[in-house]
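The following note concerns charged and aromatic side chains. Please read it alongside the sequence and the model.

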Amino acid sequence: MEVYLDIIWALNFLFDSLLLYLTAIILKRDIRLWRIFAGGLIGSVIILLSITPLHSYAGHPLTKLFFSIVMVLTSFGFKRIRFFLRGLMTFYLMTFLIGGSLIGVHYFVKFDLKLSSTVLLASVKGFGDPISWLFVLLGFPVAWHFSKRNMEAIEITKIQYDSLIKVIIQINDVSYQFKGLIDSGNQLYDPISKMPVMFISIKDRLADFPGYLVEMAENPEKFILGTEDIVPDWENRMRIIPYSVLGQEHQLIIAIKPDKILIEKDGELYHVDRGFVSFSVQQLSPDDAFQCIVHPKMLTSTRRADAKHA
């Protein structure tokens, strides 16, 4: 059996460097490429040890752990123990994620039924199975790309989840609960009272709301243009508020002054003293993660509410 050690070493060096680079991206760390490549170079030394008298130690878990620690320290340095452990754990996560992706796809596509002849097990006959080499060389960047994208999506989801709160709207002694997203981009105010405006979607809950309010949400232009009469009970609640979005200026929406607006955040219930609500039948979140967009000002103009308000 012929083993091309230089090819295996070069591939290992490249993969270790890319894994360290992906770790840096996920952790949002400032990096220098020479340190990343230095870490990859240190990691590839373990391949060279496998042909020395120390080969029995090269595959030992403690040896691999030692090399991983040196690689992370070389690439990111040491500031405090938490900083280091986070880098080390993320590096292992990326290693298992990429490696698992490649092995999973390899089994799924079945390029080579004899794993003993594949690069994944570091057993190379000559240049190895050409299909396996091509699979790994092409598959790693693809797995790296999708892993990076998925990690970013997870991070965005976490940020979004941390911004979710419980919103309770009370109209005519009836309370409605929603999941709300605190959106700093929502800067809509009633120009007269300077009260912030919250957007709520009732798309999947039309039967829960009064028919007049549903009609207002479905066909707001009728009330804005005056083709639909306004019921006296709702006249004092309504406001027609101008707003603009990207590409659309001088738009008008209808907002309602509810009896109460309550916000539950971190287990505490707060009463919003000032605010309007604009109801819509458009879905605000593609995956229905939230049903209303909360104006950030509403969180600063609150007072703690009694439990009976819920």
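**Note on side-chain contacts**

1. At 53% relative accessibility, F66 counts as exposed, whereas F67, with a relative accessible area of 12%, is buried. Here buried means under 20% relative accessible area, exposed over 50%, and partly exposed in between (1.4 Å probe, protein chains only).

2. The model is a predicted one: local features need pLDDT of at least 70, side-chain atom pairs count only at pLDDT 80 or more, and totals for chains, interfaces and linings use all residues. Residues are numbered from 1 along each chain as its sequence is written, and side-chain values use heavy atoms, with hydrogens and water left out.

3. Rings of Phe, Tyr and Trp (its six-membered ring) pair if their centres lie within 6.5 Å; planes under 30 degrees apart count as stacked, over 60 as edge-to-face and the rest as tilted. Elsewhere, a cluster linked by ring pairs comprises Y176, F178, F209 and F279.

4. The structure contains 6 salt bridges, each defined as a side-chain nitrogen of Lys or Arg within 4 Å of a carboxyl oxygen of Asp or Glu. Among them is K166 with E264, whose closest N and O atoms are 3.7 Å apart. This pair links distant parts of the chain, K166 being in strand 1 (residues 164-171) and E264 in strand 6 (residues 260-265), 98 residues apart. Helices (H or I, at least four residues) and strands (E, at least two) are DSSP runs, numbered from the N terminus. Both partners are partly exposed, K166 at 29% and E264 at 31%.

5. A further salt bridge joins D259 to R237, with the closest N and O atoms 2.9 Å apart. It also links distant parts of the chain: D259 lies in the loop between strand 5 (248-256) and strand 6, and R237 in the loop between helix 9 (232-235) and strand 4 (238-245), 22 residues apart. R237 is buried, with a relative accessible area of 12%, whereas D259 is partly exposed at 35%.

6. R205 and D208 meet in a salt bridge at 3.5 Å, N to O. R205 is partly exposed at 23% relative accessibility, as is D208 at 45%.

7. Which residue lies in the loop between helix 4 (61-76) and helix 5 (81-109)? That residue is R80, which counts as exposed at 52% relative accessibility.
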